[in-house]
Each structure stands twice: as C-alpha cells, then as structure tokens.
Protein chains: 2
Amino acid sequence: MEKIEIGADRLHYPMPCSLIGANVDGRPNYLTVAWFSMANPKPPYVMAAMNKSHYTNAGVKANKTFSINIPSAELVEKMDYCGLVSGGRADKSGVFETFYGKLETAPMAVECAFNAECRLVQTVNLPMEELFIGEIAGAYCEERYITNGVPDMRKINPLLLLMAQKMYASLGPDVAPAWGAGKKLMK
Amino acid sequence: MEKIEIGADRLHYPMPCSLIGANVDGRPNYLTVAWFSMANPKPPYVMAAMNKSHYTNAGVKANKTFSINIPSAELVEKMDYCGLVSGGRADKSGVFETFYGKLETAPMAVECAFNAECRLVQTVNLPMEELFIGEIAGAYCEERYITNGVPDMRKINPLLLLMAQKMYASLGPDVAPAWGAGKKLMK
C-alpha cells in the first residue's frame, strides 16, 4: 500500500450538476448547485447544500418551495453563468423560460431536461451552508428524454463537475448492471 | 413546451458511487452508497443518507466515525456486492483490505482510489433514512491517482449510478471549464 495523506479539505468525486430554482422578491432565480442528492425514498426527499451567501436561499425560505432542474450538456454555458453571477447583482429571471407546477411558487426551467418541484421539509444549519431538505411534489420531463416511462440519462446527457479540475464532464459508457454485477461474488 | 408530468418518486441524475465504511461489532463493514454529497466547505463536511435498515448505521453511531471511499470502475463487482449483501448476513470485512487513519475507528478500503475518514457531527432523522453529516478528518490517495497535488478523476475513473436504468456508468469526456464557460454571457 502506497497511500499518502492529502489535503482533507474536500471529498473528491464527480459531482452531478443541477440548477436550483426559487422565487426571490417575486422573480424566478436559478443557482448552479452540485452539492445535492436524493435523501429519502418514501416520501421522496432531496437534500441540497447552499452557501448562506447565496441570493437564492432567501427565496427558498420565504416560499418554502424550490425546484431542482437537471440540464443537458448543451446548456453548459447558461448553467455555468448561473453559478458565476449572483441574482442579487444580475436579474437571472430571463436566462431560462420558467414554468410552474402544482406548488405554484417553485420556478422550473423549461430548457432543462428534468424538473422536480419540492416542498421544503427541513433546514439544517451548517457552518457556511444551509442544507435544504425538500419533498418532491411534482416531476416533469419532455417525451423525447423518456425511455420505458422514465427519464433516460443517455438522452438527457447530464453534466458532472470535477471540482478540483474546475471542469464539467459528460457521462461515459455503461460499465456493468447495478444490483447485478456483484451477484457472482455471492455465496 | 412539451413537458409531461411523470412519477414524482425520484430525482433523476447520475449518482456518484461510494463505499461507506464503519466498524460494526468490531469488524470493518462497507456499504455501497450513492446518496451522498459534500455539505460544507470550511470545515469540510460531507453528508450521506443511509436507510435505517442497514447494518452499517449502528457502527457509524457507535463509533461516531465513518469513511467514504471512492472506487475505480475496475472494482464494480466488489462495490455492487457490498450493496447486495447486508453485513448482518455476511461478513464483508474481507472484501477489501482495511487501513485506519487518525480517527482509528473509521475503516478505509485500500483498493479504493480515494479515502476520507470522517468524524460524525450530526445525525438527521428522516422517515426511512438516517442522514449522517461528518467532518473530514483525514484524506488519502495513492500517488498514481494524483495530478498537480490533487486526486485526478481521469486517473481514478469513478462510477456513477443510473438508478432508473439500474446501470453503473463511467465518467465521459470533458465538456467545458467550470467557472469559465459562462463568462461569455456576463455583461
């Protein structure tokens, strides 16, 4: 073993990219967020860590709703722009066309391949971030991104952030079946 | 716009794959976890949602430590096996060679390209999951996975779970620079 100790400042993995939407001061705003994940299966909860300095956080807390939008690689410039510029300094309401679902206050970006509107369930206060936990109330997708009734990652072509390399990457080829590849090791 | 409403049971995105390590009843145990993320930059916090039914959870709570290990694609069978079989039914302590860092009770898998040992900071109780928030206390990597002092995703070749497709995929080509591609849209 040749493990060396490196900086403990970060977890290194490919971070999935999203745009988190919220109405702030009555206007839709979208923030690039790569620190999010599913959190619970039933009911379906998501979690997203958002720096307290972000303009978007106030909208999430005021409306108690937010959206998670998954953009395709072709939206990389607009997605990156939403992480470079604060909604407090520039009006980002026109970057994407907005639609609303049943929650009525969670703006979703039409151009993004998959959209989920969420009801805020809990906010966990961390040193620099607010961790928003939300329940998915509605999910939306265009027919062209769907295969066998579910959103197809091959059609969506999502982005992954390689944070240390400051690079967005795409999804690569299939490797092996999940809940399958390991069966040969079962006794 | 041709958005259709689909099942609101899940968020669809490429989920990064990890093995979470904990000592349970004095033995190292590794669980496949794709619902995790960075949570705070300073101090560096991670968060991971783990179903309450999992054997590993008791070890995290007992020791107040756990590890996050990022496997390369070549470990796909062992990684999948750790998600198929509970440590309560099979002894998974021999699936990987284990090493320990400064926390002494967070087992890390030698074969995994990147390892982080974490001190449990907070546990959030969700309906079916426990959300563990931990501070990274130490990080380890082999020299062969490092470029310019940081772990290189191109050398690590990590796995992404496409949950609806029940498939593990690899990382694809670079698309555009992060904190760069969107600059042309700034006024």
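Me: What area is buried between chain A and chain B, and what share of that area do carbon and sulfur atoms give?
Reply: Bear in mind that this is a predicted model. In it, about 8,800 Å² is buried between chain A and chain B, and carbon and sulfur atoms give 72% of that area. On the chain A side, A:Lys3, A:Leu11 and A:Trp179 supply 9% of the area buried against chain B, more than any other three residues.

Me: How many residues does each chain bring to the contact?
Reply: The contact takes 101 residues from chain A and 101 residues from chain B. A residue is counted here when its heavy atoms come within 4.5 Å of the other chain.

Me: What makes A:Glu5 and B:Lys102 a salt bridge?
Reply: The rule asks for a side-chain nitrogen of Lys or Arg within 4 Å of a carboxyl oxygen of Asp or Glu. For A:Glu5 and B:Lys102 the closest N and O atoms are 2.5 Å apart, so the pair qualifies as a salt bridge. The count between chain A and chain B is four salt bridges.

Me: How many residue pairs are in polar contact across the interface, and which strand gives the largest share of the chain A side?
Reply: Across the interface of chain A and chain B, 42 residue pairs are in polar contact, both residues being at pLDDT 80 or more. Strand β15 (residues 167–177) of chain A gives the largest share of the side that touches chain B, with eleven residues. Sorted by class, that side of chain A has 70 nonpolar, twelve polar and 19 charged residues.

Me: How do you know that β15(A) and β15(B) are paired?
Reply: Pairing requires at least two bridges between two strands. Seven bridges join β15(A) to β15(B), so the two strands count as paired, and they run antiparallel.

Me: Why is β6(B) called largely enclosed?
Reply: A residue is buried when its relative accessible area is under 20%. Seven of the seven residues of β6(B) are buried, so the strand is largely enclosed by the rest of the structure. Both faces of β6(B) are covered: B:Tyr45, B:Met47, B:Ala49 and B:Asn51 lie buried on one side, and B:Val46, B:Ala48 and B:Met50 lie buried on the other.

Me: Which strands pair with β6(B), and in which sense, parallel or antiparallel?
Reply: β5(B) pairs with β6(B) in the antiparallel sense over four bridges, and a hairpin of four residues joins these two strands. Within this pairing, B:Ser37 has B:Met47 as its bridge partner, and B:Met38 has B:Val46. Strand β11 (residues 129–142) of chain B also pairs with β6(B) in the antiparallel sense, over seven bridges; here B:Val46 has B:Gly134 as its partner. β5(B) is itself mostly covered, with five of its five residues buried.

Me: What makes the bond from A:Lys42 to A:Pro43 stand out, and where does A:Pro43 lie?
Reply: That peptide bond is cis, with omega near -5 degrees. A:Pro43 lies in the loop between β5 (36–40) and β6 (45–51) of chain A. In chain B, the peptide bond from B:Lys42 to B:Pro43 is cis too, with omega near -5 degrees, and B:Pro43 is in the loop between β5 (36–40) and β6 (45–51) of chain B.

Me: Why are A:Asp25 and A:Glu104 called exposed?
Reply: The cut-off for exposed is over 50% relative accessible area. A:Asp25 has 70% relative accessibility, so A:Asp25 counts as exposed. A:Glu104 has a relative accessible area of 60%, so A:Glu104 is exposed as well.

Me: What is the phi of A:Asp25 and of A:Glu104, and where do these residues sit?
Reply: A:Asp25 has a positive phi of about 50 degrees although it is not a glycine, and is found in the loop between β3 (18–24) and β4 (27–33) of chain A. A:Glu104, also a residue other than glycine, has a positive phi near 70 degrees; its place is in the loop between β8 (98–99) and β9 (108–109) of chain A.

Definitions and conventions. Residues are numbered from 1 along each chain as its sequence is written. Chains are lettered from A and ligands numbered from 1 in the order in which they are written. Side-chain values use heavy atoms; hydrogens and water are left out. Buried area is the accessible area (1.4 Å probe) that two parts lose on being put together, summed over both. A polar contact is a pair of N or O atoms within 3.5 Å; within protein, one must be able to donate a hydrogen and the other to accept it, and residues adjacent in sequence count only if both atoms are side-chain atoms. Ala, Val, Leu, Ile, Met, Phe, Trp, Tyr, Cys and Pro count as nonpolar, Asp, Glu, Lys and Arg as charged, and the others, Gly among them, as polar. Buried means under 20% relative accessible area, exposed over 50%, partly exposed in between (1.4 Å probe, protein chains only).
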